[in-house]
Amino acid sequence: MNYIEQINNFWKVHQDKIELPPSSIAIYFALLHLNEKNGWSKEFEVKPSELKSMVGINSTKTLYSHLEILHYAELIYFSPARNQYSLTLIGITILGQTVRQNMLLSVNDRETTDFPSTGQNPVYSKVLEIDI
């Protein structure tokens, strides 16, 4: 994964296709940073408390709400932590071609798809086909 290309393609998607809330953007860039520190692995694990601390979010429910937004925008996939002490599994979609072609793993292929639901926001629940 090329860090600069990923950032540039993110801003193109954000500008041209979908406008994300500021907290979702902060989480996305925190995830890019963490994955870069892990050597750009296909998947990596993160403590929800570490991610909340990095972006200044206090609520786990809010964190998962923004992770869901990023998932619906097909920028990431994730498997939520089972409890506050567990790790959340994250995968970042490689941007640059059709996003659907670059999905590393469908959330449906994970052993759990129970997201802490905050109610589906129709703006972000649409599955996107984004050509960039």
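Predicted model: local features only at pLDDT ≥ 70, side-chain atom pairs only at ≥ 80, totals over all residues.

Tutor: β2 and β3 pair in the antiparallel sense, and four bridges join them. One of the residue pairs is Phe78 with its bridge partner Ile90 in β3. In general, the strands of a sheet pair through backbone hydrogen bonds, either parallel or antiparallel.

The pairing belongs to an open sheet of three strands, whose order is β1-β3-β2 and whose pairing is antiparallel. β1 and β2 are the edge strands, each of which pairs on one side only. From one strand to the next, the twist averages 30°.

Consider next what lies against the sheet. α2 lies across β1, β2 and β3, and runs at about 90° to β3. α2 also packs with α4, at an angle of about 80° and with the two axes 9 Å apart. Angles of 65 to 115 degrees count as roughly perpendicular, and α2 and α4 are therefore roughly perpendicular to each other. On the α2 side the contact involves Ser23, Ser24, Ile27, Tyr28 and Leu31, which meet Leu63, His66, Leu67, Ile69 and Leu70 of α4. Of the residues in this contact, seven are nonpolar, three are polar and none is charged.

Leu67 shows how these parts come together. Leaving aside residues up to four places away in sequence, Leu67 touches Ile27, Leu31, Leu51, Ile76, Phe78 and Ile90. Among these neighbours are Phe78 and Ile90, the bridge partners named above.

Leu67 is also part of the largest nonpolar core, which has 29 residues. Those with the most contacts inside this core are Leu20, Tyr28, Leu31, Leu51, Leu67, Leu75 and Ile76. At least two core residues come from each of α1 (3-16), α2 (22-37), β1 (44-46), α4 (60-72), β2 (76-79) and β3 (88-92). α2 gives the most, with seven residues.

Most residues other than glycine have a negative phi. Glu74, in the loop between α4 and β2, has a positive phi of about 60° although it is not a glycine. With a relative accessibility of 7%, Glu74 counts as buried. Trp40, which is found in the loop between α2 and β1, likewise has a positive phi, of about 55°, and is not a glycine. Trp40 is partly exposed, its relative accessible area being 22%.

Notes: Residues numbered from 1 in each chain as written. Heavy atoms only, no water. Core = buried A, V, L, I, M, F, W, Y, C linked by side-chain atoms within 4.5 Å. Buried < 20%, exposed > 50% of the residue type's maximum accessible area, 1.4 Å probe, protein only. Contact = heavy atoms within 4.5 Å. Axes fitted to C-alpha atoms, helices over the stretch in contact; angles between N-to-C directions. Parallel < 35°, antiparallel > 145°, perpendicular 65-115°, else oblique. Nonpolar A, V, L, I, M, F, W, Y, C, P; charged D, E, K, R; others polar. Pairing = 2+ DSSP bridges.
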